[in-house]
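Thanks for coming, everyone. I have one structure to walk through today. Please have a look at it first.

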There are 2 protein chains.
Amino acid sequence: MSPKQQEIRDREERLLDVAQVMLLERGYEDLRMDRIAEVVGVSKGTVYQHFGSRDDLLAAVAARSAATRAALFERAARFEGSSRERMAAVEAAAEVFFALFPHHEQAERLVRAAHLSPKISPERVAALETCTQRCFEVATRIAAEAAASGDLPLREGQSVGQLCVGLWNLYQGAFLMRDLEKFMSDPSVDDALGTLQRNARVFLDGFGWRPLSTELDYSEARERALNELFANEAQAAGLL
Amino acid sequence: MSPKQQEIRDREERLLDVAQVMLLERGYEDLRMDRIAEVVGVSKGTVYQHFGSRDDLLAAVAARSAATRAALFERAARFEGSSRERMAAVEAAAEVFFALFPHHEQAERLVRAAHLSPKISPERVAALETCTQRCFEVATRIAAEAAASGDLPLREGQSVGQLCVGLWNLYQGAFLMRDLEKFMSDPSVDDALGTLQRNARVFLDGFGWRPLSTELDYSEARERALNELFANEAQAAGLL
DNA sequence: GTGACTTCTTGACGTTTCGTCAAAAAATGA
DNA sequence: TCATTTTTTGACGAAACGTCAAGAAGTCAC
């Protein structure tokens, strides 16, 4: 790769970095193309060389962190242990991501709220979807194995997909709670990640996924996953 | 109230109606103040008499449907039956709202993503929060009664607040799934409301809230709630 | 019913930001 | 070294937000 091409790649990362911080600190309205260009030290025209529109840049920010999340999930899939412990490792990956990329949910929500605006390039949308699918695939595979091995006794009308959707919802909900917690007076739920952990256990117990959380302490599996798989990230996120 | 004041009130409702439809059909970007004014048949200045800014109008749309949701939840609280059947009635209220106000989640997500923009009047923000709190209060009261009566055996570290947050997350997740279902190939989860119902049951079973869904068919309670409390709305929503 | 006073409505205007594009600058390669 | 291609630039047009002074409509005492 020529030095020029490398420079262009680096610049794209820098643009994304700046946009990401701006989004988190000042919100969508204050995500200004001129300002981003100025901070990075290029002209606005150059920014439009990388991203077709403001929404496209926003989607690129979301796509980049979504790719990181998918990678974390896939790393979690390598965890060794019982099926439910392996799912706990996936939950640990979700926690790491939650703590490391506080901007992500906002970006993804905005992209979806934009009604998948035609100003976002189709490849970008596809990239984002692919990342979500990769996350689901990791969870689905583990749950399917659990169902096959008998650890997870699915009842009539229940499916592995339903279980994964539920877990995903609880996980997404943690992001919402982060906004809401300022308004919730109940101190027992002021810790979004702790609430997520507890609720995920209740949920999987509801499916009867053995060993139940009453039979085995999944905090251990979680900590082992954080240490074995995500040592650096968990450290950076303050989870260790 | 003078006829003029009445006219102004009516017009505010009409503005909200138009904005609501526009938001749903064309997305946030295409929610244009000029256009709304034109459709309603007033000038832009008049729209700004009602709403301080575009974001404020958006928040007003969200606040109006949020108030309807709170009212539905409170109606559900009057349902007669066991504690868990009463919670099933609340879930039915959530289903009705989900089906009747497809725009709402988008509006609320946008308001929150706007970083609670200072361009939204504080009263509007407060109104929105109050509605959410009213919903939580209904759920919290039922769960607290269940805990007190022994139907709901909370374990160490578990709380009524945690349970309500979990249910709320599953419920919010249904909105997300509506967007995602186009991309999910699994037909077992292509029905957002059905998945919500099943997952809520699993979740409450996980808490051990008696009678468990294996002991009692909560579809009956749900249908009774729809018929007794929400006949008109459920009909309109196509749930009956 | 009239006129003085208040409230409401209007749309042109200033401002801001998006996204474009022709011209200038830089890189490439024979 | 110079012709060709690629990249960068920033002034510009378009579009939308939000304002405000002037005018229209409503209110009310008499």
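Which element gives the largest share of the surface near DNA strand C? It is H3(B), with four residues. A word on terms: helices (H or I, at least four residues) are DSSP runs, numbered from the N terminus.

Some ground rules. This is a predicted model, where local features need pLDDT of at least 70, side-chain atom pairs count only at pLDDT 80 or more, and totals for chains, interfaces and linings use all residues. Residues are numbered from 1 along each chain as its sequence is written, while chains are lettered from A and ligands numbered from 1 in the order in which they are written.

For the classes, Ala, Val, Leu, Ile, Met, Phe, Trp, Tyr, Cys and Pro count as nonpolar, Asp, Glu, Lys and Arg as charged, and the others, Gly among them, as polar.

Now DNA strand D. It also has 19 residues around it, and Ser43(A), Gly45(A), Lys4(B), Gly45(B) and Ser53(B) come nearest. Here chain A gives two or more residues from helix H3 (44-50), and chain B from H1, H2 and H3. H3(A) gives the largest share, four residues. The classes are five nonpolar, seven polar and seven charged.

How do the two chains relate? Chain B goes onto chain A with an RMSD of 0.0 Å, by a turn of 180 degrees and a shift of 0.0 Å along the axis. The two copies are thus related as by a two-fold rotation axis. In chain B, the C-alpha of Gly206(B) is nearest that axis, at 1.8 Å.

Last, the interface. 39 residues of chain B contact 39 of chain A. Contact means C-beta atoms, placed from the backbone, within 7 Å. On the chain B side, H6 (104-113), H8 (160-180) and H9 (192-207) each give two or more residues. H8(B) gives the largest share, twelve. That side has 14 nonpolar, 17 polar and eight charged residues. And 100% of the interface residues of chain B are also interface residues in chain A, so the copies meet through the same surface.

Conventions
Least-squares fit on C-alpha atoms with pLDDT ≥ 70 in both. Contact = placed C-beta atoms within 7 Å. Near = placed C-beta within 6 Å.
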